[in-house]
Every structure is written in C-alpha cells, then in structure tokens.
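Please keep the sequence and the model in view while reading.

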Amino acid sequence: MRHIIIGAGLAGAKAAQTLRDEGFDGDITLIGTEAELPYERPPLSKGLLLGTTPRDDVYVHQPDWYAESSVEIRTATTVVDIDRTAHRITTDSGDVLPYDKLLLATGSSPRRLTVPGADLDGVLYLRTLADSDHVSGALRDGVHVVIVGAGWIGLEIAAAARTRGAHVTVVETASLPLLGVLGPDLAQVFADLHRDHGVTFRFGAQLSRFDGDTAVRAVSLADGTELPADVVIVGVGARPNDDLAVRAGLDVGNGVVVDSQHRTSDPDIFAAGDVACAFHPTFGRHIRTEHWANALDGGPEAARAMLGLPVPPDRLPFFFTDQYDLGAEYAGFAAPGDADRLVFRGDRAGREFVAFWTRDGRVLAGMNVNVWDVSDDIQRLIRTRKPVDLGVLADTEVPLSEVRP
C-alpha cells in the first residue's frame, strides 16, 4: 500500500510524520517542487529577515529523519497529472507512481503584478526560502525599499526592513493597512505602529509602473508620484495552487473543496494547508486560510483521515504576527461584513488589548495584541456560539476566563 503526498511543505511533512506515528507501515512518498527539504514559512518574513532565526532552524525535520522514518522524499519534482481512475500520478520526469490514498498539500503562490517593469531586477516576492534569502540580502542600512501591499506579509517585511535601517514606503490601494481584514479601528492601530517606526504610507495609491533599465530604480504611481526604490517587494495576496486538482476534475472553488475531514470530491484524495477550502462546522461554511497553524494542524488531520481515523471538527483558524514590539494572535474567522460590532478590551492606545468581532453578541473571532495566555479563552467563547454580555466582555476587571454566555 502506498500513500502519496504532493507538496513538501509543513502540511505535507507533518502529514507524513503523522502517518508513521499512527502506525501506517506502507510506503509513503512525499513530493515537492522546491529543491529544499520541507521547511516552515513564518520565519521567512520574521526571524530570517531580522537575523534572529538561524537558517537551519526553519526545517520541519532533520535531514536524516526521512530515511529513518522510511519516507521517500522527492524534491525538485513536480506532479503533472493525476489519473484518478487508475490511481496513479505522473511526474515531470515521466515517472508514474501508483497510490492508494493521495494528499494534495500544494500550498499557494504569490499573485504577480503585470505592470510595466514588473520583470526588472530588484522586484521581489516572498514565498520561498530562496525568496527570503534574496529579500534579506536587499535589506541593507539606508536602502530605499518600496513595499507594494499592506497585508500581513507586507507589514512584517516593513518592520524587518525598518529594524535593519532601510527607508520604507508602503504602497496600498486601500485607505489603511489590513482594512478588509481588520476593519478601520484596528487597522488604524497598525498604521500608527508603522508610522511611529518611520514607515511612509501611500494609501489610495494606484501603481503605474516600475522604472529602470535592467534593475528597478523607482516606482511610479498613477498620480505622477515617483518613489525612489533600490528594491521593491510585492505582497498583494496569493492564489491556491489548485491547477493539478482542476486538471484531475476535482471540485474546486477558492482552492480544493474538502469536507471537515479533508476529503475532496474523490474519496481517495484529500487536501490540506493553503490549497484546501475546508468546511468548518463552527461557521457553517467553507473557509480557506493561508496561515502556519492551518498547515501545522491540517496536515496531521488529513493524514488521520486517510487512515480512517476521526478528525476533530472544531479546530479554529489561528495565526500570529510579530512587528517591532507588537505581537498579536488571531483566532476564529470573521469575513468582511460578518461582524456587527468590534469590542475592545484593554488599552488600545497603549497597544495592549484584545479585540473581539461579534454578531448579535456572539464572538466570531478575537485578536489579542501584546496580551498573552488568553487564546484558549477567546476560542472557548467562539466555540460556544452563544451571545455574551458585551459590556462584561470589554471589562478588564472581569477575568476573561470568567466571561460566560
């Protein structure tokens, strides 16, 4: 019996580990397009850029783990076809491998710009370990860095660049960073944070082109503004790597559609991580998230499902960010328009607070900013799916652990 995992990132590597931990003694083949062994991505925009994380620390397992665990790993290999009828895959080298169960953990890729000059040297993206090496090498004291996109990746890179002494300008089409994710009140907190550290924002800006001969030297905006740029880093979102699933005829919609047990429309094919759009019983909808915890937990969940073992249905989306002296954790899910009230608990001006997205008194999501050891309580309130007293929720005199529906 052979189980194949397509995608050698965190989700895929943890799925392989879980198959062995749960007693699967058949063949496991782990296939990845990158030449690197599986690694974790959060350090790419955090510790590696800051120089606080040793490069070797990003790998999921030690190099000898794969052989010791009888996991065949094929790096620098791309799967080009899935034959669902014959239960086999084909790689770009022409190898044909049979499978009994198949896991898609192919992740996502950065959305790329097509404006004039987008192919100039110095226009960079951040997704892979090699990308992080390139970006890190460009973040030198005194260089002019333009970041296109004020999302999580853009802001984390901005924080690292300023910490390393670069001049940073962030270009964003919206009126605030993270506006669609956080809403105006909380987005303002992050705008103020970065301004306090010397970042210049260009909000409501439309990109016109990148200027330079062979290497970028400036960024031109639609209003005629020209921004000096020794390097440009683009962070305008990502798309799921679901092309293989599309060609295989699986159900796809904002990623590979799976149920709460990570099963696709084919009962022998599963999906996890960034590429999976999974049904979540707590929220009653399919959700696709591109965060570390989703890969860390989703890979093992999918592996257990491949073995016919139960998967907990109530794991909540979770992510964290570190920017300068601000650390934050987010749990739950609140799409734009889901919440009817944002409740703050603590000192927003001092950047020590918890924010709750609520609807009809029910907590949909929560973010703790420089307040620690409260994530379990936040997740408990989300899972109850029952209204709480919002006045009590905001009252720091009442321990969060004592807030009840």
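In what order do the 3 strands of the open sheet stand, and what is their pairing? The model shown here is a predicted one, and in it the strands of this open sheet follow the order β18-β20-β21, with mixed pairing. Because β18 (256-258) and β21 (285-287) each have a single partner strand, they stand at the edges, and one side of each is left without a neighbour in the sheet. From one strand to the next, the twist averages 30°.

Within this sheet, strand β20, which covers residues 276-280, pairs with β21 in the antiparallel sense over 3 bridges. In this part of the sheet Phe 279 is found opposite His 286, a residue of β21. As background, the strands of a sheet pair through backbone hydrogen bonds, and they may do so in a parallel or an antiparallel way.

**Two helices in contact**

Packed helices are described by the angle between their axes together with the distance between those axes. For helix α1 (residues 10-21) and helix α10 (residues 292-306), the axes come within 7 Å and cross at roughly 35°, and the crossing of α1 past α10 is right-handed. On the side of α1 the contact is made by Leu 10, Ala 11, Lys 14, Ala 15, Thr 18 and Leu 19, while α10 contributes Trp 292, Ala 295, Leu 296, Gly 299, Pro 300, Ala 303 and Arg 304. Sorted by class, the contact of α1 with α10 has 9 nonpolar, 2 polar and 2 charged residues.

**Aromatic pairs**

The structure holds 9 aromatic pairs, and two of them are set out below.

| Ring pair | Distance between centres | Angle between planes | Arrangement |
|---|---|---|---|
| Trp 65 and Tyr 66 | 5.0 Å | 90° | edge-to-face |
| Tyr 330 and Trp 357 | 5.3 Å | 55° | tilted |

Are Trp 65 and Tyr 66 buried or exposed? Both of these residues are buried, and Tyr 330 and Trp 357 are buried as well. Since Tyr 330 lies in strand β23 (residues 326-332) and Trp 357 lies in strand β25 (residues 352-359), their pair ties together parts that are 27 residues apart in sequence. Tyr 330 and Trp 357 also belong to a cluster linked by ring pairs, in which they are joined by Trp 152, Phe 190 and Phe 319.

Technical notes: Residues are numbered from 1 along each chain as its sequence is written. This is a predicted model: local features need pLDDT of at least 70, side-chain atom pairs count only at pLDDT 80 or more; totals for chains, interfaces and linings use all residues. Side-chain values use heavy atoms; hydrogens and water are left out. Two strands pair if DSSP finds at least two bridges between them. Helices (H or I, at least four residues) and strands (E, at least two) are DSSP runs, numbered from the N terminus. Axes are lines fitted to C-alpha atoms, for helices over the stretch in contact, and angles run from 0 to 180 degrees between N-to-C directions. A crossing is left-handed if the near helix is turned anticlockwise from the far one by less than a right angle, and right-handed if clockwise. Contact means heavy atoms within 4.5 Å. Ala, Val, Leu, Ile, Met, Phe, Trp, Tyr, Cys and Pro count as nonpolar, Asp, Glu, Lys and Arg as charged, and the others, Gly among them, as polar. Rings of Phe, Tyr and Trp (its six-membered ring) pair if their centres lie within 6.5 Å; planes under 30 degrees apart count as stacked, over 60 as edge-to-face and the rest as tilted. Buried means under 20% relative accessible area, exposed over 50%, partly exposed in between (1.4 Å probe, protein chains only).
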